[in-house]
Amino acid sequence: MGGNGLRRYTGDLVNIDAGRISRDIFTDQAIYEDELERIFPRSWLFVGHESQIPEPGDFILSRMAEESVIFNRDRNDNIHVFLNNCRHRGMRVCRADTGNTRKFMCPFHAWVFSDEGALVGVPKMETGYHNELDKSEWGLIEARVANYYGYIFACWDEETLDFETYLGDLRFYFDDYCELPDGTHGDWEAFGGVFKWRVPCNWKFGAENFGGDYYHNPSHASVDAVVLSPAGVKGRHTYDAITKARELYKLNICVTPEGHNARGELFKDDYEYLPTYQEMAVVEDYFRDCYKQRQSRLGEKARWFGHGGTIFPNVSYSNGVQSMGTWNPCGPHETEIWRIFLAPKAAPDEVKNVLRHYVIRYQGPSGLTEQDDMENWGSAHEGARGTIARRYDFHYGMGMGYERKGWPVDWLGGNVSATEDVSEQNQRAYYARWAKNMDTPPTARRHPKPAEAAE
Ligand code: FES
Ligand SMILES: [Fe+2]
């Protein structure tokens with residue numbers, strides 16, 4: 001029985017075999033509280049890119065599910081992720097969004113923590129605590145950290161698999177995302193701070209949408225009718241001009257049982273570069289050169305052209321605009337979206353400017369495309385709450401039974417399913433993993449556990 005006390009998640013609230021999912025998983029408070037225990041603490045969550053904290057002492061505040069964390073680089077160049085929460089009474093020890101420091105002093109009673117998380121200063125240590133407080137036991141709570149080509153993920157659970165194993169067969173697709181346009185693993189650079197905004201919908205709507213909802217393109221008809229991309233032709237993607245002539249298959253890729261999703265295209269094997277930024281010579285030359293380098297570096301595998309995806313549970317990335325972000329839960333009915341945008345560090349300024357202007361038009365709260373999406377998600381959420389409406393499941397059955405393993409080229413193989421054109425297999429894989437986690441109660445909730453504390 002699930003933690004909501006009534007029904008199991010797998011097979012009941014989430015009935016993958018029937019292609020049906022209960023609307024309650026988006027709106028029910030008890031289910032939401034289960035998610036906070038059973039989904040987020042066990043998962044690797046994206047906290048930032050290392051270029052956001054380039055120097056020793058640099059920090060930014062980030063977020064894991066509902067909680068604030070400090071993402072910093074200590075004096076010895078090591079990266080940490082700490083719960084931004086004083087061990088004394090829970091005050092935020094850091095209240096600045098970004099900065100450079102060697103220590104964090106809690107504003108409440110002034111406990112002081114080092115940039116390595118150790119409790120190093122306690123007022124009234126002699127007269128108040130009589131030197132009996134063991135500072136070594138009361139440092140900041142630190143998460144596990146994985147640095148994947150500069151993208152930093154963190155996880156609270158010691159039992160969760162290492163990050164690369166956690167990615168499973170998504171690695172090919174996420175590696176492709178992490179590569180620069182020339183196919184190397186050089187440096188990306190985040191620019192413009194962190195976009196943060198709130199949307200009145202459950203956090204899973206954005207996660208599943210970015211994971212593979214090609215079906216919703218009709219809702220973007222208005223942005224497809226204008227010149228939104230820098231390519232100078234109608235459309236909203238940088239790659240529209242290329243892919244119209246190059247595309248062999250549009251693919252949804254779901255990774256099971258991990259529940260991650262990717263989407264993109266497989267090009268024909270005889271494609272050539274098409275001019276994309278014809279009115280900007282420097283930009284055109286840059287991308288043409290990158291394109292050629294990528295082809296010669298990757299060979300056959302350069303035929304894969306990724307569009308983006310979702311790393312279970314709430315991390316989504318987009319190629320083209322090179323964005324990376326999280327769908328942060330704020331109760332069942334609200335999501336705080338955090339997103340960063342990146343450009344190749346060594347690219348000419350003209351290229352960076354084009355990308356910067358493009359993402360502002362495309363994604364985020366100012367982006368015309370994402371404004372369509374926000375309208376969709378908010379309305380879908382409202383539609384899941386109605387007294388009558390919530391008695392009826394959502395339909396997730398598109399493409400059921402038509403998933404094809406290892407198709408259409410063997411290097412997209414592994415435990416990966418690919419479906420031509422549109423399908424909801426990605427969403428089914430995502431919610432199957434979600435339901436499995438939700439049916440598994442947490443093992444430890446207190447630190448130290450009462451038995452240990454009594455020893
Ligand atoms: S809450 Fe931080 S020192 Fe008291
Ligand atoms: Fe969209």
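Analyst: Happy to; here is a short tour, going from the whole chain to single residues. Keep in mind that this is a predicted model.

User: Good to know. What does the secondary structure of the chain come to?

Analyst: The chain has twelve helices and 22 strands. Its radius of gyration is 23 Å, close to the 23 Å from the globule rule for 455 residues, so the chain is as compact as a globular protein of that length.

User: And what box do the C-alpha atoms fill?

Analyst: Roughly 75 × 55 × 40 Å along the principal axes.

User: How much of the chain counts as buried?

Analyst: Of the 455 residues, 53% are buried. The accessible surface is about 20100 Å², and carbon and sulfur atoms make up 48% of that surface.

User: Okay, let's zoom in. I'm curious about strand β18, is it enclosed or open?

Analyst: Strand β18 covers residues 323-329, and seven of its seven residues are buried, so the strand is largely enclosed by the rest of the structure.

User: Which residues sit on each side?

Analyst: S323, G325, W327 and P329 are on one side of β18, with M324, T326 and N328 on the other, and both faces are covered.

User: Which strands does β18 pair with?

Analyst: One is strand β17 (residues 315-318), which runs antiparallel to β18 over four bridges. Within that pairing, S316 has G325 as its bridge partner. Strand β19 (residues 335-344) also pairs with β18 in the antiparallel sense, over seven bridges. There, S323 stands opposite F341.

User: What do the turns look like?

Analyst: The β17 and β18 hairpin has four residues between the strands, and G320 takes a positive phi near 85 degrees there. In the β18 and β19 hairpin there are five residues between the strands, and G331 in the turn has a positive phi of about 80 degrees.

User: While we're on β19, is I340 buried or exposed?

Analyst: I340, which lies in β19, is buried, with a relative accessible area of 4%.

User: What does I340 touch?

Analyst: Leaving out residues up to four places away in sequence, I340 touches F46, H49, Q52, A190, G193, V194, Q322, S323 and M324. S323 and M324 are also buried residues of β18.

User: And how far is I340 from N261?

Analyst: They are 79 residues apart in sequence and 20 Å apart in space, C-alpha to C-alpha.

User: Changing topic: how covered is strand β5?

Analyst: Strand β5 (residues 67-73) is mostly covered, with six of its seven residues buried. Strand β4 (residues 58-64) pairs with β5 in the antiparallel sense over six bridges, and S62 stands opposite V69. β5 also pairs with strand β6 (residues 79-83), antiparallel over five bridges, with I70 opposite F82.

User: Which turn residues have a positive phi there?

Analyst: In the β4 and β5 hairpin, with two residues between the strands, A65 has a positive phi of about 55 degrees. In the β5 and β6 hairpin, with five residues between the strands, D77 has a positive phi of about 75 degrees.

User: Last one: what about G99?

Analyst: G99 lies in strand β7 (residues 98-100) and is partly exposed, with a relative accessible area of 25%. Apart from neighbours within four places in sequence, G99 is in contact with G57, D58 and F59. N426 is 327 residues from G99 along the chain, and their C-alpha atoms are separated by 39 Å.

User: Great, thanks a lot!

Key: Residues are numbered from 1 along each chain as its sequence is written. Chains are lettered from A and ligands numbered from 1 in the order in which they are written. This is a predicted model: local features need pLDDT of at least 70, side-chain atom pairs count only at pLDDT 80 or more; totals for chains, interfaces and linings use all residues. Side-chain values use heavy atoms; hydrogens and water are left out. The radius of gyration is taken over C-alpha atoms; the globule rule is 2.2 Å times the number of residues to the power 0.38. Buried means under 20% relative accessible area, exposed over 50%, partly exposed in between (1.4 Å probe, protein chains only). Accessible areas come from the Shrake-Rupley method with a 1.4 Å probe; for residues, only the protein chains shown count as cover. Two strands pair if DSSP finds at least two bridges between them. Contact means heavy atoms within 4.5 Å.
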